Amino acid sequence: MANEPVKFMYDTHYTEGKKVSFRKLGVKIAALLFLPDDFDEKRKYPAVVVTHPGGGVKEQAASLYAWNMARAGYVGIAFDASHQGESEGEPRYLEDPASRVEDIRSAVDYLVSLPYVDEEKIGAMGICAGAGYTMSAIQTEARIKAAAGISTWNTGYSAKYGNPGVTDPDNMQKTLAAVAEQRTREAKGGEPLYVGYVPQTEEEFQKDYYGKSVIMREAYEYYKTPRCAYPTSVNKVLFTSLDKLAAFDAFALLDTVSPRPILLIVGEKADTIYFSEMAYAKANEPKELHRIPGATHIDLYDKTEFVSQVVDKLKQFFGKYLKQQEQ
């Protein structure tokens, strides 16, 4: 039944968030706001913006981490990217890095408008592609005082060279040629083309492309099974997004962020670990690369034994740089 609550294999706590919205260049963004225990609207709290992965929505990993940060004394906000989930924006299912980064800026705009948020103590974090967009946002958004990435993914790099396990030096030229054909087709009245972020069925694992990529097998389990499937996470991306992704580098100016701090958290078994290593190498101090023993990329999305370790590290990091509390 449509009205029945969604049941996840792991609790994401999204039902404990307050539904709110904010504007981004005239577009309404749907969000969940998480408040600390014993919240007092007369106090000032540090706050953290949490950005979801590509193909994800606010009710999944983003709400889990926003909820955990609220338990640690922060105002946490998780939102649906514009053009996706419950947020407005046409065309639907656009994955535009510039737009995704502007979503983060607009979430900061919303937070500074709240009387109980300390605007000098705003941090940002993201998961997967959301972590890459967060790393990009802090480069030019000075109101973000500290940023953390979980299982960070540089979507621009993968658009150029392919996903982990299937790297192709000619990927970018092949992609741009295909996008050019599709744009011409649509300019002449053709229908938009949508592709999946992850395999749509288990049978797709048999294909060479997916079979070589651990992250894609993990992503299918997370997004397409009861582990964390959610109705508004529909596994669609507008194909013509790929030219925008190919022009993007999440880490382009990461060396300019210092003295604001960067934290990168990644599973030691993640086949995407090279993204975190790239970001760490590009950033200047203060910076930290923290590996979670035994974990893969998507283990950090929801598995309790790994999420608890990530949260402990986030509390330490944001506590030091936002709350200035004793460690």
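How many nonpolar, polar and charged residues does the lining of the largest cavity have? In this predicted model, that lining has 4 nonpolar, 7 polar and 1 charged residues. A search of the whole structure finds 1 cavity of 30 Å³ or more, and the volume of the largest cavity is about 60 Å³. Its lining includes Gly55, Gly56 and Val57, together with Gln84, Gly85 and Tyr93. Tyr197 also lines the largest cavity, as do Thr232, Ser233, Val234, Asn235 and Lys236.

Attention now turns to an open space. The second largest pocket has a volume of about 160 Å³. Among the residues that line this pocket are Asp11, His13 and Asp302. Two helices, H1 (58-71) and H11 (304-323), each supply at least two residues of the lining. H11 provides the largest share, 4 residues. Leu64, Trp67 and Asn68 are also part of the lining, as are Thr304, Val307, Ser308 and Val311. By class, the lining of the second largest pocket comprises 4 nonpolar, 4 polar and 2 charged residues.

H1 is mostly covered, with 13 of its 14 residues buried. Just after this helix, Gly73 adopts a positive phi of about 100°.

How values were computed: Residues numbered from 1 in each chain as written. Predicted model: local features only at pLDDT ≥ 70, side-chain atom pairs only at ≥ 80, totals over all residues. Heavy atoms only, no water. 1 Å grid on protein atoms, 1.4 Å probe; cavity = no way out; pocket = protein on both sides within 12 Å on 5 of 7 lines; lining within 4 Å. Points joined across faces, edges and corners; volume = space filled by probe spheres on them. Nonpolar A, V, L, I, M, F, W, Y, C, P; charged D, E, K, R; others polar. Buried < 20%, exposed > 50% of the residue type's maximum accessible area, 1.4 Å probe, protein only.
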